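Keep the view open beside you as you read.

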Amino acid sequence: MLRTVCRSGRALVQHSRRTVPSHCLAPAQQRWASSLPMNTVVLFVPQQEAWVVERMGRFHRILEPGLNFLIPVLDRIRYVQSLKEIVIDVPEQSAVSLDNVTLQIDGVLYLRILDPFKASYGVEDPEYAVTQLAQTTMRSELGKLTLDKVFRERESLNSNIVHSINQAADEWGIRCLRYEIKDIHVPPRVKESMQMQVEAERRKRATVLESEGTREAAINVAEGRKQAQILASEGEKAEQINKAAGEASAVLAKAEAKAKAIRLLSEALTQQNGNAAASYSVAEQYVSAFSNLAKESNTILLPSNTGDISSMVTQAMSIYNNLAKQNVQDASSAQTLSEAQKVKPEENPSSENLSLHLPSAQ
């Protein structure tokens with residue numbers, strides 16, 4: 001029985017949708033003329049729709065999605081509100097910015113009905129009212145901004161428009177979700193001036209970048225020269241230090257070698273036949289020196305007895321012996337002086353003791 005009633009109710013609803021003329025409805029109901037059902041006692045409300053029911057011309061209740069029952073003749077479905085998100089195109093309109101530039105702007109409005117009762121009885125045409133409110137709000141918000149800020153602050157402009165619409169549409173049971181500006185058209189002359197400004201800004205940026213590159217290149221070259229000079233001076237310093245260290249080592253090595261040679265020579269002279277070996281060495285050096293005199297200079301000073309080599313050797317050995325005796329005497333005198341200095345402090349206490357005993361002898 002229930003299936004038969006449901007089928008008959010559905011058939012009546014479809015028949016009523018096809019037969020209800022649109023001119024019998026009010027202007028506010030023209031949008032919903034194709035979906036306004038008739039009272040068939042048993043009604044099935046689709047999901048995300050709200051049917052506003054009047055009883056004898058007065059608001060009675062809102063039908064929820066699913067199965068609903070109404071009283072014929074007394075109850076009447078007056079409004080059908082969609083609870084889905086609605087998209088409305090805002091027509092293109094002209095607005096004047098803060099710097100007196102005329103703009104042509106259009107947008108898209110996204111809204112949703114939250115309270116079907118307010119949307120039905122709070123305003124005559126909700127969509128038309130919201131559209132007009134969006135246009136007037138957009139004009140007022142654009143009048144607060146200059147042309148440059150309109151392009152830079154589109155997000156803040158959209159949020160301000162949404163906030164203003166929600167403040168006014170709260171009494172209508174409508175919630176504006178977002179507003180998006182689609183296109184912004186400027187006059188041709190303003191567009192040309194903006195293009196020239198953009199090109200000038202790009203040329204300025206290119207010039208600045210080129211000058212910064214030149215400066216960085218000069219700084220890098222100067223820094224490279226500075227580092228090269230520092231490294232060259234450090235290398236020269238290290239070279240001089242190494243050269244001085246080498247010369248010092250060479251002088252020290254020569255001195256040590258000479259000292260060792262002198263030590264070996266003195267030891268050799270103290271041995272048996274040392275004087276004869278020394279005489280032979282002096283005679284050899286004498287002959288070698290006379291052989292090289294004519295090679296170094298044209299002026300030669302010769303002694304009177306050049307051919308008497310034995311006398312020259314004897315004279316050299318006598319000088320050597322005198323120096324050796326003098327060194328021995330100097331060493332012995334230094335030893336005697338040191339012994340005298342050691343003995344002198346020991347003699348002073350005896351003299352002091354003597355002076356101390358003199359009064360007792362008296």
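## An exposed lysine and its buried partner

Let us begin with one side chain: Lys144 has a relative accessibility of 55%, so it counts as exposed. Keep in mind as you look around that this is a predicted model.

What does Lys144 form with Glu141? The two form a salt bridge, and their closest N and O atoms are 3.8 Å apart. Glu141 has a relative accessibility of 11% and therefore counts as buried, whereas Lys144, at 55%, counts as exposed. The cut-offs explain the labels: buried means under 20% relative accessible area, and exposed means over 50%.

## The other salt bridges

How many salt bridges are there by the 4 Å rule? The count comes to five. One of them joins Arg55 to Asp75, with the closest N and O atoms 2.6 Å apart. Arg55 belongs to strand β2 and Asp75 to strand β5, so this pair ties together parts that lie 20 residues apart in sequence. Arg55 counts as partly exposed because its relative accessibility is 27%, while Asp75, at 4%, counts as buried.

Another salt bridge brings together the side chains of Arg215 and Glu216, at 3.9 Å from N to O. Glu216 has a relative accessible area of 38%, so this residue is partly exposed. There is also a network of salt bridges, which links Glu85, Arg112 and Arg178.

## The sheet of β3, β2 and β5

The Arg55 to Asp75 pair leads us to the sheet that holds its two strands. Three strands make up this open sheet, in the order β3-β2-β5, and their pairing is antiparallel. Which strands stand at the edges? They are β3 (58-63) and β5 (75-82); each has a single partner strand, so one side of each is left without a neighbour in the sheet. From one strand to the next, the twist averages 30°.

For a closer look at the pairing, follow strand β2 (residues 49-55) alongside β3: five bridges join them in the antiparallel sense.

Strand β7 (residues 102-113) runs antiparallel to β6, and nine bridges join the two. Ile86 stands opposite Leu111 in β7, and Val90 has Gly107 of β7 as its bridge partner. The hairpin of β6 and β7 has five residues between the strands, and in this hairpin Asn100 takes a positive phi near 60°.

Note on methods:
Residues are numbered from 1 along each chain as its sequence is written. This is a predicted model: local features need pLDDT of at least 70, side-chain atom pairs count only at pLDDT 80 or more; totals for chains, interfaces and linings use all residues. Side-chain values use heavy atoms; hydrogens and water are left out. Two strands pair if DSSP finds at least two bridges between them. Helices (H or I, at least four residues) and strands (E, at least two) are DSSP runs, numbered from the N terminus. Axes are lines fitted to C-alpha atoms, for helices over the stretch in contact, and angles run from 0 to 180 degrees between N-to-C directions. Buried means under 20% relative accessible area, exposed over 50%, partly exposed in between (1.4 Å probe, protein chains only).
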